[in-house]
Amino acid sequence: MQTSADTPPSLPLGPEASLPTLPRLGQPHISEDLNAVEVASQWLNSFAEYAQQGDVNGILGLLVSSSFSLNFFESPEHVDPTAPQDIPLYWRDILALTWDIRTFEGTEKIKQFLSSQLPLSEISKVQLQTDVPPQLQRPFPDLAWIQLLFKFETKAGLCSGVARLVPISDKETQDVIWKAFNVFTNLEELKGFPEKLGPRRNQEPNHGKWETGRKKENSFEGKDPTVLIIGGGHSGLDTAARLKALDVPTLVIEKNAKIGDNWRSRYEALCLHDPVWYDHLPYMPYPPTWPVYTPAKKLANWLEFYADALELNIWTSSTVTAATQDPETKTWSVTVKKADGSERIFKAKHVVLAIGFKGGLPYIPEIPAMTSFKGQILHSLHHEKATDHAGKKVVVIGSCTSAHDICVDYADHGIDVTMFQRSSTYVMSTKNGIPMLLGGLYSESGPPTELADRLNNSMPNSFMAGITYRVSKLIAEADKEILDGLHKRGFRTNTGYKDCGLLFHVFTKAGGYYMGRLTHLSTVNHVKRGPSTDVGGSQYIIDGKIKLKNDSQIKEFTENGLKFENGSELNTDVVVFCTGLGNPRDSIRRIFGNAVADKSTQIWGLNEEGEISGCYRDIGFSGLYNIQGNLAMCRFFSKTLALQIKAIEEGIFGSRYSSD
């Protein structure tokens, strides 16, 4: 972390600056008989009064006073130690007040946002959510807050909120005053247009007409979908399911022959590294018999079953070849080519890109003399199984998740495999890391998924930087034995984006990490490992089952392998590139042309507010949206995206808040 001779010793820097620690609050004394419900109720009653009156200053009086601005995602540097810093203050809003996905830091930005949006929003009926009572939380010894959940209404919809109150010590009276340092407001439902769930489901009997009706609905004969979704992976299916529940006619275009083939066709050893509790799909969770870690082909079958059970309209073996927008009507003309070569041009008001991380196109770096290599070159997307290369020598270029999975599979089948590590990798065991990162919300004993998602997304990434900075250190301590073993073998590791561990690697790079599944390390060397026992690729590297090369960068290919900048060579029969995916704008360019691709917003990464860029809303063009991310992110934000489209269709969408 940075230090400065002019900086007070107590001033936190870097990610730590995002936390409202007790020293920064004046070391208040928290009474052992604190009544969290009473404190929360008093705060919320005042909040309700001010919000319903449109009293901005009144609301600001309930928040910590803060000129704090971390600027954590604007610069490669940590916090400027000479800048004024006090208690951090955040307000994250998802559609409820801004019709956007925004995070505001500090009193001035929040005042500006509230002054603009409170009169437009017309907040009413603020109520404490009593089924999840307020409680004092102590995530670390120097952190304490009361968490409360509430409901409210706006002119347009039914909303939820979360507030976190910290104790501030009054310097004169020594009294403890509870004020919010974090407020979250989220649109849950549009007034008059609820999801068709539970008592709102179709209650009419259907005798002998269902199959014909489904075929007619799916054909879109003589009519156009309101929304056309490009891509039938989990993000596309989530969005289609949300839109169907909102009664918005939607068609998914999927290039593969069957739903789930994007997982079904991947390498045989692929298995999810996130646990089952984190990966449910909207409306239809996995059954309680489901394994904690889902094999890729099992997930593929579930996605196919999910699409059928929810009666989603999908054209498989079809591709979108072109799309143009009418400048006056803003309607998209979308050309779809089917497997038989026939084409159909749809007129859709909304087009959703659900084509996976970075458009799903493989990235293979240009290396001199690749054409001179006599062996086989392929990308991990096209690799199937280790036995395809039985008896051969293999080099896997890359050192993240796919590289580890594929190398383990080769090693388990007795195939000579070398991992070439181009740069350092963040390594974390699922055994130790996942419970520390997700255990409170996503576990066998965790809250319902919908509640867990709300709580998880109520914490802005700016704030979470400080939490994950601390947690990643605890994970590293728990993983010390495996990390030390890797370092002894020469494997290079890092501590994540700005030392914040796994999550910010995902948010900023969508890669660069490996989560390994481990047995108890004390028994590893006494267990005979084989295809049926997965202890993670890290131990394979430590044991030498996976060879490691990382002392020099690749200079060029040779006829028989690779030559490196330090003059060393590595003979091989097969080179597998586990080098991730390409530029998402390439996929946009292929379908929508240069003008749309060049003017679209950045896809993925964190913007200056710490929000994911170019996702879950339009990408700079009316009626053109993008959704991507892991199963949990798409489960939550597919609803955010669907609510925007429904609001536009019903004429109740307001203008997105702009601070300009």
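With which side chain does the side chain of Ser66 make a polar contact?

Reply: The model is a predicted one. In it, the side chain of Ser66 makes a polar contact with the side chain of Asp86, at 3.4 Å. Ser66 lies in the loop between helix H2, residues 56-60, and strand S1, and S1 covers residues 90-94. Although Ser66 belongs to a loop, its relative accessibility is 4%, and it therefore counts as buried, the limit for that class being under 20%. If residues up to four places away in sequence are set aside, Ser66 touches Asp86, Ile87, Pro88 and Leu89, and also Gly106, Thr107 and Glu108.

H10 itself runs over residues 449-457, and its buried residues are Leu451, Ala452, Asp453, Arg454, Leu455 and Asn457.

His207 is found in the loop between S7 and helix H4, residues 210-219. Its relative accessible area is 70%, which is over the 50% limit, so His207 is exposed. The C-alpha atom of His207 is separated by 67 Å from that of Asn571, a residue 364 places away along the chain.

Leaving aside neighbours within four places in sequence, Val427 is in contact with Leu483, Leu486, Phe491, Thr493, Tyr514 and Ser538.

Most residues other than glycine have a negative phi. Glu311, which is not a glycine, has a positive phi of about 55°, and a positive phi of about 55° is also found at Ala510, again not a glycine. Glu311 is in the loop between helix H7 (296-309) and strand S10 (314-315), whereas Ala510 is in the loop between helix H13 (502-509) and strand S19 (513-516). Glu311 is partly exposed, with a relative accessible area of 25%, and Ala510 counts as partly exposed at 25% relative accessibility.

These details belong to a protein chain with 18 helices and 26 strands. For its 660 residues, a compact globule would have a radius of gyration near 26 Å, and the chain agrees with this, having 26 Å. The C-alpha trace spans about 75 × 70 × 50 Å along its principal axes. Of the 660 residues, 54% count as buried. Among contacts between residues at least 6 apart in sequence, 68% join residues at least 24 apart. The accessible surface comes to about 28800 Å², and carbon and sulfur atoms account for 49% of this area. Finally, the chain has 68 positive and 76 negative side chains, and the centres of these two sets lie 5 Å apart.

Notes. Residues are numbered from 1 along each chain as its sequence is written. This is a predicted model: local features need pLDDT of at least 70, side-chain atom pairs count only at pLDDT 80 or more; totals for chains, interfaces and linings use all residues. Side-chain values use heavy atoms; hydrogens and water are left out. Helices (H or I, at least four residues) and strands (E, at least two) are DSSP runs, numbered from the N terminus. The radius of gyration is taken over C-alpha atoms; the globule rule is 2.2 Å times the number of residues to the power 0.38. Buried means under 20% relative accessible area, exposed over 50%, partly exposed in between (1.4 Å probe, protein chains only). Contact means heavy atoms within 4.5 Å. Accessible areas come from the Shrake-Rupley method with a 1.4 Å probe; for residues, only the protein chains shown count as cover. Lys and Arg count as positive and Asp and Glu as negative; His and the chain ends are not counted. The place of a charge is taken as NZ of Lys, CZ of Arg, CG of Asp or CD of Glu. A polar contact is a pair of N or O atoms within 3.5 Å; within protein, one must be able to donate a hydrogen and the other to accept it, and residues adjacent in sequence count only if both atoms are side-chain atoms.
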